[in-house]
Amino acid sequence: MSQGPRSGLAAVSSALLAMSRHLEVRDVLKTIVASARELLDAQYAALGVPDDHGGFAQFVVDGVSDQQWKAIGPLPRQHGILAAMLQEAKVERLADVRRDPRFEGWPSAHPDMSDFLGLPIKDGDEVIGALFLANKNCSKPDGSCGFTAEDEELLSILAQHAAIALTNARLYERSRELTIAEERSRLAHELHDAVAQKLFSLRLTAQAAAALVDRDPSRAKGELQQVAALAAEAADELRAAVVELRPAALDEDGLVATLRTQIQVLDRAHTARVTFDSRGVRALPAAQEEALLRVAQEALHNALRHSGAAHVEVTLARRGCGAVLRVTDDGNGFDPQQTRRAGRHLGLVSMRDRASGVGGALTVESAPGKGTTIEMEVPGG
């Protein structure tokens, strides 16, 4: 066997091993794209997971900088060559994608591409993604395609295993979501039963005290003492429930993995691109981790539901012994001077309370048409 095929086989093996190490969907997608670009020595690679509305639930690229990606704008729609791969489920190998009659152009900030190799990723008969590469790093005489039949065969092998890895990752995430939902349902029933009983007893005791207050003040005093005791018990039940409602994933996986998983779910569920990056964060006290998670959830909800953002970026970085969380969107923004109205609308008061409750601080930067950045810093333990 020649050196070329041995190298290709080793590269495929390395790519498959890399895919098998990940369980989260986003990590699997990024590994597939990076492996494909390295395997075929292409300048650009991308993988799109279609939604049911003519767009993409997820779209991962490799070879494009973050600045370029942001300048390109919204995710592509299912049209042109992409639509052909998804609808006809066939391989596309082109010498120059720009000369194909189905080519419909791209945004001004989009990198220029010529030779092209794309194919669908299939789970049985269902097309679950489109994987494509552009601009093979080789000489291309007479405008020929740099991608060869051998490249197509290697990419087909990678795509078959990518389908397995992607399907497994989806099943893993769904099983985790179901487990969390079932646990929360169980806790909701327990909370209802325990606290409802205490509150019912408290109400009856308070009524008895009211009836006795004029004719038997001594007994009324005893009933009121019972009211205080029942109220304390109800408060204890609520505190215990709140502790138990701390996200299970936070205890099992830690803050970074929990945030990454939740952000991947949001990225799939919304048209806006939602990204996450973590740098050097160490384990923090449980209360601080939960506060950071809740603030991130609130800020993400605001950005995705109210701001009209196309891109929301979440970063979590180490700062001294603690950490700093930043949630930045390129949406409509607002006037921070109108703090009272904005605070109610965006839950800023609640976020500030969570931050101060764990010894942290929250800052908000925004302006109309300029997007919003919410930053929370905690001191660590």
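## Stop one: the largest pocket

Start with the largest pocket, which has a volume of about 730 Å³. Keep in mind along the way that this is a predicted model.

To land in the middle of this pocket, select Lys30, Asp66, Arg273, Thr275 and Phe276: of the 28 residues in its lining, these lie nearest the centre. Now colour the elements that give two or more residues to that lining: the helices α2 (25-40), α3 (66-72) and α7 (248-269), along with the strands β2 (56-62), β6 (273-279), β7 (311-319) and β8 (322-329). Which element gives the most to the lining of the largest pocket? That's β6, with six residues.

For the largest pocket you'll get 13 charged residues, eight nonpolar and seven polar.

## Stop two: the second largest pocket

Move on to the second largest pocket, with a volume of about 510 Å³. It's lined by 29 residues, and the ones to pick for its centre are Pro76, Leu82, Trp106, His110 and Phe132, which sit closest to it. The elements that supply two or more residues here are β1 (42-50), β2, α3, α4 (80-88) and β5 (126-136).

Keep the class colours on. The lining of the second largest pocket splits into 22 nonpolar residues, four polar and three charged.

## Stop three: aromatic rings

Hold on to Phe132, and bring up the side chains of Phe56, Phe59, Trp69 and Phe116 as well: these five residues form one aromatic cluster. How many aromatic pairs does the structure hold? There are five.

Zoom in on Phe59 and Trp69. Their ring centres are 6.0 Å apart and their planes sit at 5°, so this pair is stacked. Phe59 belongs to strand β2 and Trp69 to helix α3, so the pair ties together parts that are ten residues apart in sequence. Both Phe59 and Trp69 are buried.

Rolling a probe the size of a water molecule over the atoms shows where empty space is left. Searching the whole structure turns up one cavity of 30 Å³ or more, and the space in the largest cavity comes to about 30 Å³.

To find this cavity, select Arg26, Ala57, Gln58, Phe59, Leu75, Asp267 and Arg273, which line it. Phe59 is a residue of the aromatic cluster, and Arg273 is one of the residues nearest the centre of the largest pocket. Which element gives the most to the lining of the largest cavity? Strand β2 does, with three residues. By class, this lining has three nonpolar residues, three charged and one polar.

Click on Asp41, in the loop between α2 and β1. Its phi is near 55°, a positive value in a residue other than glycine. Asp41 counts as partly exposed, because its relative accessibility is 38%.

Then jump to Asn135, which is found in strand β5. Here phi is near 60°, again positive in a residue that isn't glycine. Asn135 counts as buried, because its relative accessibility is 9%.

## Last stop: helix α10

Finish by selecting residues 348-357, which make up helix α10, and highlight Leu348, Met351 and Ala355: these three are buried. Turn the view until you're looking down the axis of α10. The buried residues fall within an arc of 65°, so they line one face of the helix.

Which residue with a positive phi follows α10? Look for Gly359, where phi is near 75°.

Definitions and conventions: Residues numbered from 1 in each chain as written. Predicted model: local features only at pLDDT ≥ 70, side-chain atom pairs only at ≥ 80, totals over all residues. Heavy atoms only, no water. 1 Å grid on protein atoms, 1.4 Å probe; cavity = no way out; pocket = protein on both sides within 12 Å on 5 of 7 lines; lining within 4 Å. Points joined across faces, edges and corners; volume = space filled by probe spheres on them. Helix = DSSP H or I, 4+ residues; strand = E, 2+ residues; numbered from the N terminus. Nonpolar A, V, L, I, M, F, W, Y, C, P; charged D, E, K, R; others polar. Buried < 20%, exposed > 50% of the residue type's maximum accessible area, 1.4 Å probe, protein only. Arc of directions from axis to C-beta. Phe/Tyr/Trp six-rings, centres within 6.5 Å; stacked < 30°, edge-to-face > 60°.
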